[in-house]
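Please look over the sequence and the model below. A short report on selected parts follows.

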Amino acid sequence: MIVVLLGPPGSGKGTQAKKIVVEKGWAHVSTGDMLRAAIKSGSDLGVQAKKFIDQGMLVPDGLVVSLIGERMKEEDCQRGFVLDGFPRNVAQAVVLDQMLKVVGQGVGQVVLFDIADESLVKRLSGRRTCSQCSAMYHIEAVQPRREGICDQCGSALVQRSDDQSEVILNRLKVYHQQTEPLIKFYRDQAKLVTLDAAKAADEVNRSLTRALG
Ligand code: AMP
């Protein structure tokens, strides 16, 4: 089973993907996490990607597509995987279909995380992320037991450079302009299910589990 989680930044795709892959035994494929790892490693890809990420823009399709192409071949993806943050525009979705067709597969289900922009700005500006394991927290809604320290691995919590207010607004603009057309793309293929992503995380998890059957 190949599942695409579609939705604006801060809608909870990453949080929900992490839970559902454990429940289903699938792999979690997050292009954002892969790009941040590339930045951390100082690779050429990371250096190129950082310029775009820091401005809230999409990283060029060619870079992201080759990253995904390699990732999908890995052992843990063979039982199924959840795509979180990919595809981000119609061109990427078309290439994804082509890559999957070559191996006799296809996108099974697309889940749209529906939530208003106002809630996203609040969520993203208060978001704190573990510098090591990328677990997510929020300064009001999801506080760690010890301030600034990840409950899961004990590393420092940081604010992502693209979770600063000016960059957040640009990321939302990019979502509406470039990613939203994917709603029609997948609705036309009868693959889209929509869930209310403004609800509490546990409730969203239940909706997602139901949607995936
Ligand atoms: P995310 O963690 O999914 O919010 O992604 C963080 C940033 O990484 C985005 O704002 C983009 O700059 C970049 N990025 C992640 N996935 C993609 C993608 N599929 N295509 C282009 N850029 C991406």
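Strand β4 (residues 109-114) is mostly covered, with five of its six residues buried. Buried means under 20% relative accessible area, exposed means over 50%, and partly exposed lies in between, with a 1.4 Å probe and protein chains only. Helices (H or I, at least four residues) and strands (E, at least two) are DSSP runs, numbered from the N terminus. The model is predicted: local features need pLDDT of at least 70, side-chain atom pairs count only at pLDDT 80 or more, and totals for chains, interfaces and linings use all residues. Residues are numbered from 1 along each chain as its sequence is written, and side-chain values use heavy atoms, with hydrogens and water left out.

**Strand partners of β4**

Strand β1 (residues 2-6) pairs with β4 in the parallel sense, over four bridges. Two strands pair if DSSP finds at least two bridges between them. In this pairing, L5 stands opposite V111 of β4. β4 also pairs with β8, again in the parallel sense, over five bridges. There, V193 in β8 is the bridge partner of V111. Strands of a sheet pair through backbone hydrogen bonds, either parallel or antiparallel.

**Helix α9 and A211**

A211 sits in helix α9 (residues 201-212). Its relative accessibility is 23%, so A211 counts as partly exposed. Leaving out residues up to four places away in sequence, A211 touches Q109 and V193. Contact here means heavy atoms within 4.5 Å. A116 is 95 residues from A211 along the chain, and their C-alpha atoms are separated by 21 Å.

**The open sheet**

Which strand order does the open sheet of three strands have? The order is β6-β5-β7, with antiparallel pairing. β6 and β7 (157-158) are the edge strands, since each pairs on one side only. β5 and β6 pair in the antiparallel sense over three bridges. R127 stands opposite H138 in β6.

**Around the ligand**

The ligand has 16 residues around it, and T31, R36, M57, G85 and Q92 come nearest. A residue is near a molecule or strand if one of its heavy atoms lies within 4 Å of it. By class, this shell has seven nonpolar, four polar and five charged residues. Ala, Val, Leu, Ile, Met, Phe, Trp, Tyr, Cys and Pro count as nonpolar, Asp, Glu, Lys and Arg as charged, and the others, Gly among them, as polar. Helix α2 (residues 31-41) gives the largest share of the shell, four residues.

| Residue | Protein atom | Ligand atom | Distance |
|---|---|---|---|
| R36 | side-chain N or O | oxygen | 2.9 Å |
| G85 | backbone N or O | nitrogen | 2.9 Å |
| R88 | side-chain N or O | oxygen | 3.0 Å |

On its own, the ligand has 480 Å² of accessible area, and the protein covers 96% of that. Accessible areas come from the Shrake-Rupley method with a 1.4 Å probe; for residues, only the protein chains shown count as cover.

T31 is one of the residues that come nearest to the ligand. Its place is in helix α2. T31 is buried, with a relative accessible area of 3%. Not counting residues up to four places away in sequence, T31 touches V64, I68, D84, G85 and F86. S30 is in strand β2 (residues 27-30). S30 counts as buried too, at 7% relative accessibility. The side chain of S30 reaches the backbone nitrogen of D33 at 3.0 Å.

**Backbone details in loops**

The peptide bond from F86 to P87 is cis, with omega near 0°. P87 is in the loop between β3 (81-84) and α5 (90-102).

S134 has a positive phi of about 60°, although it is not a glycine. This residue lies in the loop between β5 (127-130) and β6 (136-138). Is S134 buried or exposed? S134 is buried, with a relative accessible area of 18%.

A190 also has a positive phi of about 60° without being a glycine. A190 is found in the loop between α8 (181-187) and β8 (192-196). At 71% relative accessibility, A190 counts as exposed.

Conventions. Polar contact = N/O pair within 3.5 Å; in protein donor to acceptor, adjacent residues only side chain to side chain.
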